[in-house]
Amino acid sequence: MSQVREPEFDRAVAMVLRIGAFSCFFVMLAGLIDGLFIAGHISRDIERLGVLLMLATPVVRVIVACFLFFREKDYKYGWISLGLLVILTLGGVFGIGEH
Amino acid sequence: MVTLLLVVLGFFSGLLGALTGIGGGVLLTPILALHFGIPIRQAIGTSLVAVITTSAASSSVHLQRHTTDIRLGMTLELATSFGAAITAYLVGYFNRNALEGLFAGFLLYSAITIVARHGKLKLEDKSSPGPNGEFAIPPYEPKRYPLGLGASLVAGALSGLLGIGGGPIKVPVMYLFMDVPLMVATATSNFMVGVTAAASAMVYYRRGDILVEIAAPLAVGVFMGSLLGARMAPRIHTRIVMYLLVAIMLYLSGHLAVHLLKGWLA
């Protein structure tokens, strides 16, 4: 099965998720500390950055998986990942201007 | 003060979520709406951020145990993210009562699947020992892709509509109909949640339905809770945790129902 055959693949994808989650965590923590202890309005912007990092993490994960599939010449799943990217992009574009 | 409360709330929902394999969103949306007085649409959008955090934190742990089927997950993600983006776009056409009613029903359904799955887990206990965190997964080949994709579309649609992960739909379908081992089904469902929730969260974000000042403390708590929970999960016996989770879900479901009834009577 795929998950036994390619520990490298799992590790790469896990790394993306870990970096995303950890960086988001520290950015948001910084925003919280800033908001709790330091006067000023910068905390909202820091927290916003954290939210955007979190929204971007799954997208980066799909991009990395897509790249790895094509490098392994596993075209079927490479195209599936590309299709996923298209759906994610459309989701982002459709929201524009909605209020 | 509220900020600290949100961190604690996030921590416990992340912990419970990771221990029982159910996303934290199913608890967060109703708690935000009922106890923090946040309008349901903002509660959904905000909880989606916490849901992505749970997925990223806990699936990085699952991936290292090699229990996630990335190919199966990404194939089904085509359907979940499509469904999620569509309903996130359409959520404006649902009124508050419909969303709350749907949520109350989903909580009830989720509570039932948790109890049902616990019976199954006990049967599999002997075949899945994990002294050093390694698991022997029997060979399998996922079957009935059309059915899996259909169920994923529904799970994704509900995810975009309610701000949840949709695990209680995907896990039973993968396990019962696609012949995927339960442990792989759980890890793969968890893995899929991140992309699914991101597809709808982007729509909510663009519309201004993600409250950054609420999402940040929640995500900080959820991150710590779900990392801890994911590490504890294979070792801990989750009977008490499960009853606790089911009790909270039944309470929230009842609370939503009462809230709806009051709205009708008033």
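**Labels and their cut-offs**

Mentor: Start with helix α2 (residues 25-35) of chain B, which is mostly covered, with nine of its 11 residues buried. This is a predicted model, in which local features need pLDDT of at least 70, side-chain atom pairs count only at pLDDT 80 or more, and totals for chains, interfaces and linings use all residues. Residues are numbered from 1 along each chain as its sequence is written, while chains are lettered from A and ligands numbered from 1 in the order in which they are written.

Trainee: What makes a residue buried?

Mentor: A residue is buried if 20 or more other C-beta atoms lie within 10 Å of its own, exposed if 12 or fewer, and partly exposed in between; C-beta atoms are placed from the backbone. In α2(B), the residues that pass include B:Val26, B:Leu27, B:Leu28, B:Pro30 and B:Ile31. Just after α2(B), B:Gly37 has a positive phi of about 65 degrees. Across chain B, 61% of the 266 residues count as buried. In chain A, buried residues make up 39% of 99.

Trainee: How many helices and strands does chain B have, and what counts as one?

Mentor: Helices (H or I, at least four residues) and strands (E, at least two) are DSSP runs, numbered from the N terminus. By that rule chain B has 10 helices and zero strands. Chain A has four helices and zero strands.

Trainee: Why are α6(B) and α8(B) called oblique?

Mentor: Helix α6 (residues 145-162) of chain B and helix α8 (residues 182-206) of chain B pack at about 45 degrees, with axes 9 Å apart. Axes are lines fitted to C-alpha atoms, for helices over the stretch in contact, and angles run from 0 to 180 degrees between N-to-C directions. Under 35 degrees is roughly parallel, over 145 roughly antiparallel, 65 to 115 roughly perpendicular, and the rest oblique. The angle therefore makes α6(B) oblique to α8(B). B:Gly156, B:Ser159 and B:Gly160 of α6(B) meet B:Thr196, B:Ala197 and B:Ser200 of α8(B).

Trainee: How do these residues divide by class?

Mentor: Ala, Val, Leu, Ile, Met, Phe, Trp, Tyr, Cys and Pro count as nonpolar, Asp, Glu, Lys and Arg as charged, and the others, Gly among them, as polar. The contact of α6(B) with α8(B) has one nonpolar, five polar and no charged residues.

Trainee: What is the relation of α6(B) to α7(B)?

Mentor: The axes of α6(B) and helix α7 (residues 167-177) of chain B come within 9 Å and cross at roughly 170 degrees. They are therefore roughly antiparallel to each other. Their contact has nine nonpolar, two polar and one charged residues.

Trainee: How many residues of chain B are in contact with chain A?

Mentor: Two residues are in contact if their C-beta atoms, placed from the backbone, lie within 7 Å. On that test, 48 residues of chain B touch 48 residues of chain A. Elements giving two or more residues to this side of chain B are α3 (40-64), α4 (70-90), α8 and α9 (212-232). The side has 29 nonpolar, 13 polar and six charged residues.

Trainee: Where is confidence lowest and highest among the helices of chain B?

Mentor: pLDDT is the predictor's confidence in each residue, from 0 to 100. Helix α5 (residues 96-124) of chain B is lowest, at a mean of 80, and α4(B) highest, at 92. Over residues 125-133 of chain B the pLDDT is below 50. Where pLDDT is low, the predicted coordinates should not be read in detail.
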